[in-house]
Amino acid sequence: MEARFKIAPDGASVDEAGLKYDIGDFDGYAVEVGLQITEKAGQGEVVVYSVGPAVVQETLRKALSMGATRAVQLETPAVPTDSLAIATALAAELEDGGYDLILFGKLALDSQNGAVGPMTAELLGLPCVTAASQLDITASSGTARRELEGAAEILEFPLPAVVTIDEGITRARLPSLKGIMGAKKKPLETKPAQVSDSRVTLTSLALPPERTGGRIIGEGAEAVPELVRLLQTEAKVL
Amino acid sequence: MANVLAFAETRGGELRKVALEAMTAGRALADALGGELHAILLGPSGIESKAATLGAHGADVVYVAEHDAFATSAVEASAATAARLVGAGDYRVALFSASAQGKDLAPRVAAKVKAPVVDDVTQVQLQGDKVVVTHPMYANKLIGTLSLAGAPVVVSLRPNAVIPAQTARDTRVERVQPAVDPAAARVKVKEMIRGNTGKPDLGEAPVIVSGGRGLKAPENFALVEALADAFGNAAVGATRAVTDEGWRPHQDQIGQTGRLVSPDLYVAVGISGAIQHLAGMKTSRVIVAINKDREAPIFKIADYGVVGDAFEIVPALTEAVKKARAEQ
Amino acid sequence: MTAPRTLPVIPAAYQPELPLDRIILRESPDAEAVPMDVVIVGGGPAGLAAAIELKRLVKRDNESGGGMGDVEIAVLEKAGGLGEHNLSGAVVNPIAFRALFPELKDEDFPFRAPVRGERVYLLTEGRAVRLPTPPTMRNHGNFVASVSEVARWLGERAEAEGVNIFTGFPVESLLVDGERVIGVRTTPSGLERDGSHGSSYQPPTDVTARAVVLAEGTRGMLTQAYQRWQGIGSENPQIYALGVKELWETKVPLDAVVHTLGWPLPPDVFGGTFMYPLEPNLVALGLVAGMDYRRRATDVHEMMQRMKLHPLFRKYLEGGEMVEWGAKTIPEGGYYALPERRYGEGVVIAGDAAGFMDVPSLKGMHYAMQSGIYAARAIFDALKGGDATAERLASYDRMVRESFILRDLRERRNMRIVFQKSGFYFGGAKAALMTLTRGIFPGRKITAERDAEVPRVGGGSTAFTPDGKLTFSKLDANYRSGNATRDDIPSHLIVGRDIPAEVAELYQHMCPAGVYERDGDRLVVSPANCIDCKATDVIGPRWTPREGGSGPKYRRM
């Protein structure tokens with residue numbers, strides 16, 4: 001991810017000059033998980049989908065170069081800000097089945113939303129596990145681990161299912177040279193997306209407020225009672 | 001007259017702190033609307049006893065469903081039950097917590113009732129016929145303001161974004177049935193695991209105690225561990241310099257190339273405060289820095305700085321925190 | 001343990017050898033090898049110019065019935081994207097662009113602006129004295145540009161010509177058969193810290209080629225290894241400078257190209273500073289220092305930070321924002337440091353890798369591109385004649401020798417080295433004489449010393465606390481390079497054993513990126529901080545390639 005983003009003059013988008021589009025970290029993990037499942041099984045194919053304008057083709061191409069079999073771009077003039085609109089387009093495309101598993105990244109790094117996966121599952125009526133940090137898939141069922149605050153749960157579910165992928169499960173492979181060459185010949189289909197009306201609008205972007213810290217309350221162990229008092233009475237964190 | 005629905009998160013039959021945060025935020029919205037705050041409380045038998053706490057934090061009505069499967073998240077039945085309640089009332093906003101459970105639940109409920117959803121919001125308010133939320137974007141490097149049209153809208157509230165406040169109400173408790181049988185869920189909880197260290201995950205912990213190169217040797221992380229234990233709910237993090245040296249595992253690294261965290265309280269011990277590290281933790285609500293170098297950049301962003309030897313200060317702080325918690 | 005501060009250390013005594021046995025592989029290519037006709041290592045100005053020129057020659061040949069057939073070219077670039085590892089000033093002489101793209105006009109090239117004015121100053125700590133612009137530094141007719149942008153632009157042209165560009169593929173070995181280079185092997189990816197294969201492991205790929213162009217840039221590892229293996233020497237050793245550069249969005253516009261001499265460089269350090277406007281309010285500034293300095297705590301990054309406190313720079317920068325930071329070494333040896341041949345069986349060496357860089361005019365990009373063009377012509381003729389034998393590729397050296405590249409370098413052959421011998425003021429006077437006599441003075445070669453052999457004494461640095469607004473620590477600056485290298489890959493740096501504290505101190509200050517730190521008597525190494533500037537490779541720990549896409553992500557450097 002970029003170290004710095006510049007807000008465009010319209011105040012509600014990012015200045016894209018010099019930015020490079022790449023697959024999101026979590027989406028990369030999801031592609032990798034899919035590839036590892038088919039490689040381990042010795043059969044099956046990984047098909048990648050993306051909803052958005054032409055720039056998403058770069059992301060799809062990256063997934064193809066990692067090893068996905070084919071790609072589908074569901075075209076929209078801009079990436080919708082409404083997760084339900086994206087999920088609607090995906091569900092319309094995927095309603096006829098033909099898959100055992102639909103994988104998503106847990107979160108999109110730009111929008112920082114993780115709703116599309118579970119929403120798509122609901123629209124398709126499929127069982128769903130979000131934020132899986134481990135995943136084991138057999139012919140007809142799956143087992144996933146999901147991290148909770150200070151705990152974890154092990155979940156079992158039948159296929160077909162939707163799983164969104166958390167970090168820690170795997171790293172995404174870097175595409176091989178052969179993979180990149182092969183990706184140029186793999187099919188990338190573009191068709192119009194059947195999105196629902198977007199009811200979410202990004203009205204403005206701002207830099208987070210600068211922290212106004214810089215208060216040194218004392219030196220050495222003698223400062224500890226004052227620190228604890230402030231944590232209790234002022235910061236209310238103890 | 002429009003109302004607000006808020007989901008009160010429980011685990012193992014206990015209310016979680018985020019439930020009270022959701023009530024507090026929901027109460028403020030209900031007041032702005034001139035409406036009521038309705039709470040959803042799902043849990044194993046006996047959970048109804050927690051309704052009073054929700055009332056004390058602003059709920060006018062508490063819908064309670066008891067089923068032993070609700071000791072875990074039982075997300076399918078929770079989503080169906082919440083969606084039925086959302087669909088049955090006149091709600092402007094349905095509020096969840098942006099916890100592991102709430103982030104799982106909110107989009108499912110939204111999809112069931114065909115409502116727009118935004119995850120992980122830090123503020124939620126009403127502006128005319130829109131619900132306006134702020135939400136961190138671009139790896140927390142920007143703050144987006146989003147406007148949601150229609151009713152209801154679904155949002156999940158970032159943990160620690162509001163401080164729970166008590167507003168006693170004359171609360172009605174209504175028993176409801178789960179919308180689907182929780183025992184018949186397709187996704188089944190096979191096992192619940194407590195974290196193997198007993199400490200929460202860095203991404204979710206309300207308190208993080210983090211150590212840097214200033215600790216000088218890997219064995220000195222025992223001090224950091226002890227302080228984390230004293231807080232009871234703290235995770236232990238580290239800087240890249242420390243994980244590079246192999247003093248701590250790479251997955252404990254907080255920073256641009258490691259975890260991005262945003263706890264209620266971040267205690268930086270022996271950390272100078274390179275931007276690489278700050279990029280991973282500067283959205284923490286309260287930052288405490290302990291460092292022997294008064295010029296260390298970490299002090300520029302710390303709410304409370306203590307200059308001095310971590311080997312003296314941290315044990316003293318550990319004892320003081322234990323004492324403070326024992327007195328509560 | 002600690003020796004007295006004044007005792008000089010010779011860095012060469014602690015410098016490991018390059019592992020030639022891992023770099024020059026007498027192995028048949030893997031059965032899975034990707035067959036190419038020409039492999040170009042490095043997607044900078046030299047490599048991309050070579051790729052474009054060669055594709056065009058082939059196309060022209062086929063169109064005119066020459067029957068060359070298809071020539072598949074692969075450019076292998078270690079950065080995650082083109083331009084992300086390229087760093088230069090840069091004021092560009094457009095001559096090579098015009099040669100490569102005769103159909104385009106100057107305004108079509110990826111330049112930011114023509115040079116509209118230029119000023120040279122001699123600095124003292126608080127003052128700036130305007131000097132007349134030395135003839136070699138006159139930039140009328142040249143253009144301010146970002147080499148990152150140039151590389152991306154050339155990449156688009158190359159792809160349009162049908163060149164295969166693979167970014168994220170460092171080359172770690174040359175495959176050889178007898179004396180002949182027959183291909184390359186890329187680095188693997190997905191390794192764990194201990195070298196084991198992670199779940200996303202991808203093995204190295206062999207790429208075979210009838211000809212290989214080494215266009216690796218400054219201090220190229222393959223180029224060094226090839227020269228060692230082939231026993232290719234030079235009259236003088238190559239010597240280097242280190243440049244640290246920042247890009248600032250300023251509140252105050254800058255209208256001219258500015259160069260300075262003097263402060264904050266001490267008299268024993270050869271170098272200067274620059275400040276160029278990419279846009280009126282987007283300013284590139286940097287400090288360049290020869291690495292043959294004598295004091296081991298001399299710190300180029302730190303001098304660069306101090307420089308910004310001078311009123312000359314400060315008045316532009318104050319209230320602005322530093323948006324990018326980076327560093328790179330520069331081959332400064334000039335004419336006498338060029339390898340005695342820049343070709344061999346199946347291989348040519350182009351651009352900075354060969355040392356085509358002129359210090360007096362502070363330029364190398366046009367030499368890099370022009371040498372790439374010649375490399376393409378030599379390879380085209382060789383392939384046309386059968387195969388790329390050394391005998392056929394010798395035409396590359398001939399073209400370089402007869403061109404402005406060697407004419408310029410020969411004229412200024414002693415100008416840099418004189419400073420190593422005579423210091424700033426006498427060196428400056430002698431350089432002026434050299435300019436007047438077009439290199440005839442002093443009539444002989446001045447012998448240079450390898451940077452690693454220069455004895456380093458104590459001192460050189462004073463305590464400096466960055467303010468985080470105008471001045472930055474190395475780690476904070478590193479963040480602005482976009483460096484987000486995976487932390488848990490194996491170390492790519494080969495560090496000598498039992499490094500004494502004095503040498504650790506030298507490494508710590510020489511490395512602009514905070515890779516090396518002296519902690520008491522211990523040397524702490526943080527390889528993930530490395531931005532591939534190659535500085536310490538010159539005098540100490542050796543740089544080798546690591547997982548593709550590691551290192552900086554320069555946008556407009």
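## Where chains A and B meet

In this predicted model, 73 residues of chain B are in contact with 70 residues of chain A, where contact means that the C-beta atoms of two residues, placed from the backbone, lie within 7 Å. Helix α4 (residues 100-113) of chain B gives the most to the side of chain B that touches chain A, with nine residues. Helices (H or I, at least four residues) and strands (E, at least two) are DSSP runs, numbered from the N terminus. By class, this side of chain B holds 38 nonpolar, 14 polar and 21 charged residues; Ala, Val, Leu, Ile, Met, Phe, Trp, Tyr, Cys and Pro count as nonpolar, Asp, Glu, Lys and Arg as charged, and the others, Gly among them, as polar.

The two chains also share strand pairing, which requires that DSSP finds at least two bridges between two strands. Strand β6 (residues 151-158) of chain A and strand β13 (residues 188-194) of chain B pair in the antiparallel sense over six bridges. Opposite A:Glu156 stands B:Lys188 in β13(B).

A note on conventions: residues are numbered from 1 along each chain as its sequence is written, while chains are lettered from A and ligands numbered from 1 in the order in which they are written. Since the model is predicted, local features need pLDDT of at least 70 and side-chain atom pairs count only at pLDDT 80 or more, whereas totals for chains, interfaces and linings use all residues.

## Where chains A and C meet

Here the contact takes 22 residues from chain C and 15 residues from chain A. On the chain C side, the elements that give two or more residues are β13 (189-191) and β14 (197-202) of chain C. The largest share, four residues, comes from β14(C). The side of chain C that touches chain A divides into six nonpolar, 13 polar and three charged residues.

## Chain A and its helix α2

Chain A has six helices and 10 strands, and its C-alpha trace spans about 65 × 45 × 40 Å along the principal axes. Of its 238 residues, 47% are buried. A residue is buried if 20 or more other C-beta atoms lie within 10 Å of its own, exposed if 12 or fewer, and partly exposed in between, with C-beta atoms placed from the backbone. Among contacts in chain A between residues at least 6 apart in sequence, 66% join residues at least 24 apart.

Helix α2 (residues 56-66) of chain A is mostly covered, as nine of its 11 residues are buried. What covers these buried residues includes α1 (25-41), β1 (47-52), β2 (70-75), α5 (177-183) and β8 (188-192) of chain A. After α2(A) comes A:Gly67, with a positive phi near 140 degrees.

## The parallel sheet of chain B

Seven strands of chain B form an open sheet in the order β7-β11-β6-β1-β4-β5-β12, and the pairing is parallel. β7 (117-121) and β12 (172-175) of chain B stand at the edges, each with a single partner strand, so one side of each is left without a neighbour in the sheet. From one strand to the next, the twist averages 20 degrees.

Within the sheet, six bridges join β4 (residues 37-43) to β5 (residues 61-66) of chain B; B:His38 has B:Val61 in β5(B) as its bridge partner. Helix α1 (residues 17-33) of chain B lies across β1 (3-8), β4, β6 (91-97) and β11 (153-157) of chain B, running at about 180 degrees to β1(B). Axes are lines fitted to C-alpha atoms, for helices over the stretch in contact, and angles run from 0 to 180 degrees between N-to-C directions.

## Cores and helix α8 of chain C

Which residues touch the most other members of the largest nonpolar core? Of its 289 residues, they are B:Leu95 and C:Ile379. Such a core is a set of buried Ala, Val, Leu, Ile, Met, Phe, Trp, Tyr and Cys residues joined through C-beta atoms within 7 Å. The largest share of this core, 13 residues, comes from α8(C). A second, separate core of 59 residues includes B:Leu223, B:Ala238, B:Leu278 and B:Ala296.

In α8(C), 17 of the 21 residues are buried, so this helix is largely enclosed by the rest of the structure. C:Gly386 follows α8(C) and has a positive phi near 140 degrees.

## Backbone details to look up

Two cis peptide bonds are worth a look: C:Gly89 to C:Ala90, with omega about -5 degrees, and C:Trp263 to C:Pro264, with omega near 5 degrees. C:Pro264 lies in the loop between β18 (257-262) and β19 (271-279) of chain C.

C:Arg219 has a positive phi near 50 degrees although this residue is not a glycine. C:Arg219 is buried, with 23 other C-beta atoms within 10 Å.
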